[in-house]
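Work through the exercises below with the sequence and the 3D view at hand. Each task is followed by a solution in steps.

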Amino acid sequence: MTVLDDLSGLEFESIMVDVFRNYGYENVRQTPKTGDEGRDILMTESVNGHRQDIVVECKHMEQVGRGVVQKLHSAVITYENSSPVRGMVVTSGTFTIQAHEYVEKVKTNGNGLEIDLVDGNTLVKIADQTGLDLQNGTVELICHQTLPPGDVEPPVVEQFEAIKNIATADLDRIESTAEFRPLATIETHTDAQFETSVGVIHSVNERDTFHVHGDHTPPQPIEDSLQQFIAGKSHRSINLSDAKEREEFVDTTVVRFRHAETDFEAWAVDRLQEKHATTVEYTGDNNVDYEKECVPTESDVSTTEIEPLYVPRIRSETQLNEYVYTLEYDAVGSDRHLIDNGIARCVHCGWSWTPLTYCDNCGSISCWRHIRTERTEGKPVCTDCAVTERFALRKRYFYNEENRKQFRQAYEQRSLHQQVLENKPLIVAITTVIVLLIVL
């Protein structure tokens, strides 16, 4: 047998809700645990454009006999509903011959009433068709759609274009990875009425939407900034397998959902019960004031839709000489939700204010406090890699020791006043002092 055998009866029933919903049935819902009258799950389907209800009995046992099918038959014919209805018994085990014979008898003598028998082997095949994984004993939410990651090179080039002294055409070592992160949108409807002997004292009729991380335990709402970023963009989704196979990525990772749909439903119910819980004061028939705690029950909350979706998180690395610069963001095509920008940051102090300048000598990006002008070539050089020496009491910066030596030789061949010109601020200071002395 499969790992379905490892589940409790209640776990099996909850998992069936996920299986049927992913298989395409509509309005799949569990009935209250007590007083279900043989109706564990209720759901609907469309047959030739007409709605039909299905009453489901779940039995987590090795073998289901005629008595269970008879009980379901009674639950179907007593089900009060204007739409056509049929029955279904689903089990992790098998059905006896007598159970199958009873189904044929009902179909022949029951005015065409249909009862389907779904055994464990059929159930596993159905789960496989919907992409559900039963191997771990739970049905994880499966998703095949992702928001588009977009082109990975333009965002990197855009960031380097804001850096001085760098030619973006030379950025030939950009490596990008994609991590597809799971999110779920839960649409709910709370419809609750609270009555006493004096009538309805409180009611709730609201629709709520939750956006949650799919890989957090327990589920957690996504950040407001990310929620605003992906809002209204689900229609732009593409097939996950197509996004993973793009040549721009040196590696891709898909983070799986950690929960079944019923787990997300239970989490939403808890949030809604907390949100809508209130204490109502009312006056009874005897003119006595009372208080009643009004909290919606599980049956008062229905999940109208759970929409899973992946959001690609792109991490691009660009190596320039000794340094590797990262850019990390969530993507929807050309739109980006920035996570971390290691390009627009001084490698020495972390300063992220402009202007930033690239040092071609070592590959660093530096702020104004850590960038100088190389004395012999007149190009930027950072204070970390530069070779320094004082000339006319002023510190000068060089790419390397060879440049410094060449300048030292040329400097020593100059006349004294030419050497002093190497420190123009000093000349200005001396001139100012002389002028002041003359004036005084």
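**Exercise 1. The pair D340 and R345**

Task: Classify R345 as buried, partly exposed or exposed, then do likewise for D340 and state how the two side chains interact.

Solution. This is a predicted model, and the steps below read its coordinates.
Step 1. R345 has a relative accessibility of 30%, so this residue is partly exposed.
Step 2. D340, at 26%, is also partly exposed.
Step 3. The side chains of D340 and R345 form a salt bridge, with 3.3 Å from N to O.

**Exercise 2. Two further salt bridges**

Task: How many salt bridges does the structure hold? Where do the partners D335 and R236 lie, and is D53 buried or exposed?

Solution.
Step 1. The count of salt bridges is 21.
Step 2. One of them joins the side chains of D335 and R236 at 3.3 Å, N to O. D335 belongs to strand β17 (residues 335-341), while R236 sits in the loop between α6 (224-230) and β11 (238-239), so this pair ties together parts 99 residues apart in sequence.
Step 3. Both partners are partly exposed: D335 has a relative accessibility of 31%, and R236 has 30%.
Step 4. R51 and D53 also meet through their side chains in a salt bridge, at 3.4 Å from N to O. Buried means under 20% relative accessible area. D53, at 3%, is therefore buried, whereas R51, at 45%, is partly exposed.

**Exercise 3. Helix α9**

Task: Describe the span of α9, the placement of its buried residues and the cap at its N-terminal end.

Solution.
Step 1. Helix α9 covers residues 401-412, which makes 12 residues. From first C-alpha to last, α9 reaches 16 Å, close to the expected 16 Å.
Step 2. N403, R404, F407 and Y411 are the buried residues in α9. Viewed down the axis of α9, they fall within an arc of 100 degrees, so they line one face of the helix.
Step 3. These buried residues pack against β22 (387-391), β23 (394-398) and α10 (416-420).
Step 4. On the face turned away from the buried side, α9 carries the exposed residues E402, Q409 and E412.
Step 5. N400 caps the N-terminal end of α9, with a side-chain oxygen 3.3 Å from the backbone nitrogen of E402.
Step 6. A network of salt bridges links E389, E401, R404, R408 and E412.

**Exercise 4. Helix α2**

Task: Which residues of α2 are buried, and which elements do they pack against?

Solution.
Step 1. Helix α2 (residues 66-77) has 12 residues and spans 17 Å between its first and last C-alpha, close to the 16 Å expected.
Step 2. Its buried residues are V68, V69, L72, H73, A75 and V76. Around the axis they cover an arc of only 165 degrees, which puts them on the same side of α2.
Step 3. The packing partners of these residues are β3 (50-59), β4 (63-64), β5 (85-91), α3 (97-109) and β7 (115-118).

**Exercise 5. Domains**

Task: Into which domains is the protein chain divided, and what distance separates the centres of domain 1 and domain 3?

Solution.
Step 1. The division gives domain 1 (3-130), domain 2 (152-319) and domain 3 (349-433).
Step 2. Taken over C-alpha atoms, the centres of domain 1 and domain 3 are 83 Å apart.

Conventions:
Residues are numbered from 1 along each chain as its sequence is written. This is a predicted model: local features need pLDDT of at least 70, side-chain atom pairs count only at pLDDT 80 or more; totals for chains, interfaces and linings use all residues. Side-chain values use heavy atoms; hydrogens and water are left out. A salt bridge is a side-chain nitrogen of Lys or Arg within 4 Å of a carboxyl oxygen of Asp or Glu. Buried means under 20% relative accessible area, exposed over 50%, partly exposed in between (1.4 Å probe, protein chains only). Helices (H or I, at least four residues) and strands (E, at least two) are DSSP runs, numbered from the N terminus. The expected span of a helix is 1.5 Å times one less than its number of residues. The arc is that of the directions from the helix axis to the C-beta atoms. Contact means heavy atoms within 4.5 Å. A polar contact is a pair of N or O atoms within 3.5 Å; within protein, one must be able to donate a hydrogen and the other to accept it, and residues adjacent in sequence count only if both atoms are side-chain atoms. Domain bounds come from an automatic or database domain assignment.
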